[in-house]
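Please look through the sequence and the 3D structure shown here before reading on. The report that comes after them is meant to be read slowly, with the structure at hand.

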Amino acid sequence: MSAQNIGSPGAEFRPKPPRASGVVVADGCVIPNATEGTCAGEPHATVPVAYDGILLLGFGGPEGQDDVIPFLRNVTAGRGIPDERLEEVAHHYRHFGGVSPINEHNRELKAALDAELSARGLDLPVYWGNRNWMPYVTDAIDAAVADGRRKLLAIATSAYSSYSSCRQYREDLADAVEATGHQTDVQIDKVRQFFDHPGFVAPFVDGIRAGIAELAERGITDLANDVEILFSTHSIPTSDADRSGPPERGFGPGGAYVAQHLAVGEEIISRLGFPGAWQLVFQSRSGPPQVPWLEPDINDAMQELPGRGRKAVLIVPLGFVSDHMEVMWDLDTEAMETAEELGLVAVRTATPSTHPDYVAGLVDLVEERLKGTPAAERPAVTDLGPWYDVCRPGCCENKRLGFQPALSGVAP
């Protein structure tokens with residue numbers, strides 16, 4: 001079964017796999033299902049590893065109206081949320097015909113990675129699997145095993161450190177190897193979080209330059225006084241944010257998640273020489289209102305801009321790798337409506353998507369693991385990186401769930 005043929009629109013629904021009951025750690029190792037490069041649990045893998053396949057890990061999304069509620073049940077599994085409440089969120093998807101663009105973006109990214117790997121002479125097929133919709137991670141692992149691939153390197157389509165953007169993907173890997181019965185015959189490592197890899201940062205720089213040019217065409221040229229840049233990312237519960245990253249790093253409020261975004265924003269502003277104001281804002285919060293999430297919400301932040309004399313806003317989706325539903329609805333729909341109500345000229349800049357630098361950067365991450373590149377020789381544009389190949393003990397705990405079985409990290 002080929003990963004390319006799994007999860008096509010209209011495929012018959014199958015539930016996601018259950019949570020793993022545990023992990024299997026080989027003798028002499030501290031990391032489950034690890035290769036010789038990460039078996040000992042060192043922060044950075046400096047032993048060359050002959051991987052024979054790539055796992056591309058996505059979030060997943062519905063491909064039609066009938067998929068929307070089953071998909072949202074997957075996303076919220078274990079929280080006991082009734083379908084009536086899920087339908088309140090479903091209208092975002094139903095507005096676009098019940099189709100999230102995320103699966104098509106991952107098909108395009110998979111094709112771009114295939115092409116880049118081939119151009120570099122690397123025989124590493126890419127197997128794509130999702131957390132919350134078909135094809136699942138189990139499908140990707142089954143397809144790799146069917147092709148005789150046993151030593152896999154995972155790339156999650158998420159750049160930053162937090163429970164939902166890193167550890168949950170690692171838990172999905174543990175769930176998948178147990179569900180497929182491959183806990184002892186498949187080795188899976190994961191590339192580092194790539195928030196400050198130059199290949200991830202460059203598309204945002206290009207996007208802002210294009211946005212500034214668009215503002216100029218619309219009569220906005222005084223960047224220092226008239227324009228504010230809003231770097232937007234997904235809000236998460238403050239308790240999860242505070243627990244993001246290794247506890248010993250002492251990031252403080254917002255944890256590594258906020259620190260990484262701020263560091264990347266500062267790098268982008270410095271690289272552009274942008275003379276105006278900027279801030280980090282948040283979007284797409286969910287859950288009960290009594291639970292604190294990261295703020296300010298992008299719409300609340302925009303309310304303050306006219307009072308500061310701003311005439312225009314550049315909305316930069318810094319926390320996202322492609323134009324999926326949160327970008328299309330929360331930014332392209334709701335935030336643009338807010339800007340119009342406030343009389344602000346608004347431009348939303350591009351996500352990395354299949355930008356050549358982004359695709360090349362992901363393959364660079366693969367090559368550094370193939371070669372065992374020392375941490376000091378790895379590219380990183382902030383002082384926070386290069387991030388860890390093997391997540392550290394206690395990293396990115398979910399306050400509600402605690403630590404569940406996971407691969408590619410040292411147990412807490």
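The sections below treat the basis of the model, its charged side chains, its aromatic rings and some features of its backbone.

## Basis of the model

This is a predicted model, in which local features need pLDDT of at least 70 and side-chain atom pairs count only at pLDDT 80 or more, while totals for chains, interfaces and linings use all residues. Residues are numbered from 1 along each chain as its sequence is written, and side-chain values use heavy atoms, with hydrogens and water left out.

Helices (H or I, at least four residues) and strands (E, at least two) are DSSP runs, numbered from the N terminus. A residue is called buried under 20% relative accessible area, exposed over 50%, and partly exposed in between, with a 1.4 Å probe and protein chains only. Accessible areas come from the Shrake-Rupley method with that 1.4 Å probe, and for residues only the protein chains shown count as cover.

## Salt bridges within a helix

A search of the whole structure finds 28 salt bridges, a salt bridge being a side-chain nitrogen of Lys or Arg within 4 Å of a carboxyl oxygen of Asp or Glu. In one of them, the side chains of Arg 107 and Glu 104 meet at 3.2 Å, N to O. Both residues belong to helix α3 (residues 102–119), where they are three residues apart, about one turn of the helix. Arg 107 is partly exposed, because its relative accessible area is 22%, and Glu 104 also counts as partly exposed, because its value is 41%.

Another salt bridge joins Glu 367 and Lys 371, whose closest N and O atoms are 3.9 Å apart. These two residues lie in helix α12 (residues 356–371), four residues apart, about one turn of the helix. Glu 367 is buried, since its relative accessible area is 18%, whereas Lys 371 counts as exposed at 56%.

## A salt bridge between distant parts, and a network

Glu 368 forms a salt bridge with Arg 378, and the closest N and O atoms are 3.4 Å apart. This pair links distant parts of the chain, with Glu 368 in helix α12 and Arg 378 in the segment after α12, 10 residues apart. Glu 368 is buried, with a relative accessible area of 6%, and Arg 378 counts as buried at 5%. Salt bridges that share partners join Asp 189, Arg 192, Glu 368, Arg 369, Arg 378 and Asp 389 into one network.

## A negative surface patch

Glu 334, Glu 337, Glu 340 and Glu 341 form a negative surface patch. Patches are made of residues with over 30% relative accessible area and no salt bridge, and like charges are joined within 9 Å. Asp and Glu count as negative, Lys and Arg as positive, and His and the chain ends are not counted; the place of a charge is taken as CD in the case of Glu. Glu 334 lies in helix α11 (residues 325–342) and is partly exposed, with a relative accessible area of 31%.

## Aromatic rings

A pair of aromatic rings is described by the distance of the centres and the angle of the planes. Rings of Phe, Tyr and Trp (its six-membered ring) pair if their centres lie within 6.5 Å, and planes under 30 degrees apart count as stacked, over 60 as edge-to-face and the rest as tilted. A search of the whole structure finds 15 aromatic pairs. Among them, Phe 194 and Phe 200 form an edge-to-face pair, 5.6 Å centre to centre with 70° between the planes, and both Phe 194 and Phe 200 are buried.

The rings of Phe 231 and Trp 278 have centres 5.5 Å apart and planes at 80°, so this pair is edge-to-face. Phe 231 lies in strand β5 (residues 227–234) and Trp 278 in strand β6 (residues 277–283), so the pair ties together parts that are 47 residues apart in sequence. Phe 231 counts as buried at 0% relative accessibility, while Trp 278 counts as partly exposed at 26%.

## Backbone features

Most residues other than glycine have a negative phi, and most peptide bonds are trans. The peptide bond from Glu 295 to Pro 296, however, is cis, with omega near 10°, and Pro 296 is found in the loop between β6 and α10 (298–303). A cis peptide bond also joins Gly 385 and Pro 386, with omega about 0°.

Ser 353, although not a glycine, has a positive phi of about 50°; Ser 353 lies in the loop between β8 (345–348) and α12. Cys 396 has a positive phi of about 60° and is likewise not a glycine, and Cys 396 counts as buried at 1% relative accessibility.

Methods: Patch = residues over 30% accessible without salt bridge, like charges linked within 9 Å, V, L, I, M, F, W, Y side chains within 5 Å.
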